[in-house]
Amino acid sequence: MKYIIILGDGMADEPVELLGNLTPLQYASTPTMDLLARKGNTGLLHTIPEGMHPGSEVANLSVLGYDPVMVLEGRGALEAASMDIDILPGEMVMRCNLICIKDGKIKNHSAGHISTGEAEILISYLNEKLPPNPLKGEWAQRIEHVAAPAPPSGGWGVGFFPGVSYRHILKLKGGNKHLDCTPPHDVPGTEFRKVLIKAEIPEAQETADYLNDLIIRSQTLLENHPVNLKRKAEGKDPANSIWPWSPGYKPQMKPLSETYPIQSGAVISAVDLIKGIGTYAGLKNMDVPGATGLYDTNYEGKAQAAIKALRETDFVYVHVEASDEAGHEGDVQLKVKTIENLDKRLLKPILEAIETGDEPVTIALLPDHPTPCRLKTHTNSPVPFVIYKPGEMPDEVTKYDEFSVEKGKYGLLRGNEFIRAFFEDEK
Ligand SMILES: [Zn+2]
């Protein structure tokens with residue numbers, strides 16, 4: 001048996017007046033999803049543990065059977081994995097934005113969506129001027145050049161790793177992750193000094209002081225860097241501060257192959273968070289040209305990559321971001337379109353390939369969380385799922401949407417119950 005999960009990010013929604021009080025999943029024309037519902041068994045899944053923020057990282061961890069309360073280590077750690085940055089014992093990683101500050105206030109979280117090329121120059125300048133990258137082992141020699149606070153025993157080491165546009169990684173040797181950090185996209189217009197990093201426990205105070213000092217010193221270094229002088233001359237926002245947030249250590253995740261009946265697997269996604277989760281789950285990242293994470297994503301390319309991956313591995317996790325984007329934009333028609341695209345341009349070719357292949361394949365389809373157009377953000381309501389195992393008796397559900405699956409065989413599942421049911425051998 002082989003296995004494939006197709007995840008439509010944020011696909012679930014609420015009844016929408018504009019659609020005659022149907023949800024986008026109910027309204028959209030989805031013959032392949034409904035075929036899957038007729039042949040398979042359905043249910044609802046709680047993907048967000050009580051009290052947790054309904055983020056995609058939390059929800060996708062749950063879908064894959066990990067307990068987010070135990071393994072979630074912040075965005076930096078997941079993104080680092082997708083960028084092939086190793087995190088060693090004793091190291092802490094953070095997402096580090098390049099942001100724009102004007103008159104002491106955060107103007108935006110993206111430095112005006114700075115280009116990757118410009119950002120790379122600034123990040124490498126910071127690596128040169130701020131304390132060196134611990135991977136180069138230079139810390140001990142250069143420690144005298146570093147301003148207060150003094151490093152704790154064992155020594156700090158710091159390194160910036162360039163990513164895409166404004167999104168980078170900061171890695172520290174040592175450091176306490178119990179920090180209250182503010183995501184910069186949440187606080188445009190706020191005085192940056194009011195949202196500097198705070199320690200959640202006394203032991204983390206030293207780390208908070210150190211990081212805040214790094215932020216201030218980055219501002220002095222970056223303000224008049226030639227890249228920023230040029231950006232200002234062109235009327236663009238300068239990238240005049242770093243902003244580290246979402247700290248964590250290396251996630252303690254066992255590969256899926258240790259728990260479930262698979263030897264190998266692959267993940268197909270345009271989103272770094274999902275690629276990172278896949279990496280820690282022991283899945284190989286399959287890059288698809290033109291997979292953008294937006295509604296113009298390369299569905300056909302993803303379908304072909306999934307079909308190829310199914311031939312080469314035992315398990316494939318295909319993540320499509322488009323519906324979530326439409327939900328965040330509150331665009332109902334666009335959301336319907338993304339669902340129809342997923343049905344026709346991704347699910348259908350995958351199902352057709354599976355039918356003509358020689359090995360049986362268990363298939364599941366679900367979102368990670370709802371992203372209702374009305375709210376333009378994620379909620380923690382349970383999501384509809386369908387699992388089709390060749391040869392298994394189907395339940396009475398014949399349509400795939402938020403309400404029809406309430407009558408499904410699986411009922412309401414929580415946490416790892418979905419993935420256990422998915423991999424369970426019925427015989
Ligand atoms: Zn999501």
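Student: What makes Asp9 count as buried or exposed?

Tutor: The relative accessible area of Asp9 is 0%, and buried means under 20%, exposed over 50% and partly exposed in between, with a 1.4 Å probe and protein chains only, so Asp9 is called buried. Before going further, note that this is a predicted model, in which local features need pLDDT of at least 70 and side-chain atom pairs count only at pLDDT 80 or more, while totals for chains, interfaces and linings use all residues. Residues are numbered from 1 along each chain as its sequence is written, and side-chain values use heavy atoms, with hydrogens and water left out.

Student: Why is helix H5 described as largely enclosed by the rest of the structure?

Tutor: Helices (H or I, at least four residues) and strands (E, at least two) are DSSP runs numbered from the N terminus, and H5 covers residues 75-82. Because 7 of its 8 residues are buried, H5 is largely enclosed; the buried ones are Gly76, Ala77, Leu78, Glu79, Ala80, Ala81 and Ser82. They pack against H3, strand E3 (91-102), E6, strand E9 (241-248) and H10.

Student: What makes the link between the side chains of Glu79 and Arg95 a polar contact?

Tutor: A polar contact is a pair of N or O atoms within 3.5 Å; within protein, one must be able to donate a hydrogen and the other to accept it, and residues adjacent in sequence count only if both atoms are side-chain atoms. The side chains of Glu79 and Arg95 are joined at 2.8 Å, and those of Lys171 and Glu91 at 2.9 Å. Glu79 is buried at 6% relative accessible area, and Lys171, in strand E6 (residues 167-173), is buried at 1%.

Student: How do you know whether Pro394 is buried, partly exposed or exposed?

Tutor: Its relative accessible area is 37%, a value between the two cut-offs, so Pro394 is partly exposed. Leaving aside neighbours within four places in sequence, Pro394 is in contact (heavy atoms within 4.5 Å) with Arg38, Lys39, Gly40 and Asn41. The C-alpha atoms of Pro394 and Arg38 are separated by 6.7 Å, although these residues are 356 apart along the chain.

Student: At what angle do helices H3 and H10 pack?

Tutor: Axes are lines fitted to C-alpha atoms, for helices over the stretch in contact, and angles run from 0 to 180 degrees between N-to-C directions. On that basis helix H3 (residues 56-63) and helix H10 (residues 272-280) pack at about 35°, with axes 10 Å apart. Glu57, Asn60 and Leu61 in H3 meet Leu273, Ile274 and Ile277 in H10.
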